[in-house]
Amino acid sequence: MNDFEPTTPLIGLSTSFHNALESRVFSYLESAYTRAVRNAGGAPRYLPLDLQGEKLNEVLEAVDGVLLLGGDDIDPGLYGQPRHTKTKGIKPQRDSLEIEITRYAIRNRKPLLAICRGIQLVNVALGGTLYQHVLTEMSGASQHDHHKDASRHKKRRDLPAHSVDVVPGTLLASIVKTGTINTNSLHHQGLQVVANSLTISGRCHADGLVEAVELKDHPFFLAVQWHPEEMVNFPEMQRIFQALIAACQKKAVTK
Ligand code: MN
């Protein structure tokens, strides 16, 4: 390959599924994610949920980076807690696949970006715990779930809901190039105990909830609690995807 020609990195995206009538199972992901990857210069590749073992390794070897997406709640048994009444939609198959993907990305130094459920997943995969319902479990919590509460709090998914203080000197700070960013907020769970190996790179300004973490000593490992793929009109959000793609291109050149 010509090192001077920019490559189009292949980005593996995790998927979810739902069971429809007649026991038919449909895998899906929201097109906002694939659009964000394409706009940043990457080519999306679906990672179906039935991947495992050798086949999973083969597919992960073939992609240049991975994106862990938003979705339903993670099984609290994975971090040693009983299930809260507000914890919904547990899919053990998706949890275990994404934990495998996270471990693979760390072991093989593959660039990884994790969004919403993704930040919770990587935290659990690395030994951290979650608030199963931030609003009632964290003292002083502000509203983070702008999916619902249509009468009082509903916000458009593409507009900011709260601000995040960015920790200077972090990967996130180098991408967004500012000390504060305004983010949407579409989650009811959040990081409680942050895994030892992760560095906190952003917190909600209003209540201090962890909103971004990253792994040092890795080419690119960033996880955010908000949904940058919905905020395509904000340059700092586009830059998050561009940074993932750039890290993949750099790795491809030095392969
Ligand atoms: Mn939030």
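Lys91 is buried in this predicted model, with a relative accessible area of 16%, where buried means under 20% relative accessible area, exposed over 50% and partly exposed in between (1.4 Å probe, protein chains only). Its side chain meets that of Asp72 in a salt bridge (2.5 Å, N to O), defined as a side-chain nitrogen of Lys or Arg within 4 Å of a carboxyl oxygen of Asp or Glu. Lys91 and Asp72 both lie in the loop between β5 and α3, so the pair ties together parts that are 19 residues apart in sequence. Asp72 is partly exposed, with a relative accessible area of 29%. Residues are numbered from 1 along each chain as its sequence is written, and side-chain values use heavy atoms, with hydrogens and water left out. Because the model is predicted, local features need pLDDT of at least 70 and side-chain atom pairs count only at pLDDT 80 or more, whereas totals for chains, interfaces and linings use all residues.

By this rule, the count comes to nine salt bridges. One of them joins the side chains of Glu58 and Lys55 (3.3 Å, N to O). These two residues are three apart in helix α2 and are therefore separated by about one helical turn; helices (H or I, at least four residues) and strands (E, at least two) are DSSP runs, numbered from the N terminus. Glu58 is partly exposed at 46%, and Lys55 is partly exposed at 47% relative accessibility. A further salt bridge links Glu98 with Arg94, the closest N and O atoms being 2.7 Å apart. Glu98 and Arg94 lie four residues apart in helix α3, about one turn of the helix, and both are buried. Salt bridges with shared partners join Arg94, Asp95, Glu98 and Arg117 into one network.

An open sheet of nine strands has mixed pairing and the order β4-β1-β5-β6-β13-β12-β11-β8-β9; two strands pair if DSSP finds at least two bridges between them. Strands β4 (43-47) and β9 stand at the edges with a single partner strand each, so one side of each is left without a neighbour in the sheet. From one strand to the next, the twist averages 25°. Strands β1 (residues 10-14) and β5 (residues 65-68) run parallel and are joined by three bridges, and Gly12 stands opposite Val66 in β5. Helix α3 (residues 92-107) packs on the sheet, and its direction makes about 145° with that of β5. Axes are lines fitted to C-alpha atoms, for helices over the stretch in contact, and angles run from 0 to 180 degrees between N-to-C directions.

The largest nonpolar core has 34 residues, of which Leu60, Val66, Ile101, Leu112 and Val213 touch the most other members. Such a core is a set of buried Ala, Val, Leu, Ile, Met, Phe, Trp, Tyr and Cys residues joined through side-chain atoms within 4.5 Å. Apart from it lies another core, of 33 residues, including Trp226 and Met231.

The manganese ion has the protein donors His144 (ND1), His162 (NE2), Ser185 (OG), His187 (NE2) and Glu211 (OE), lying 2.3 Å from it. Donors are N, O and S atoms within 2.8 Å of the metal (3.2 Å for Na, K and Ca); water is not among the atoms, so sites may look incomplete. Along the chain, the donors follow the spacing H-x17-H-x22-S-x1-H-x23-E. His144 is buried at 2% relative accessibility, and Ser185 is buried at 1%.

Conventions:
Contact means heavy atoms within 4.5 Å.
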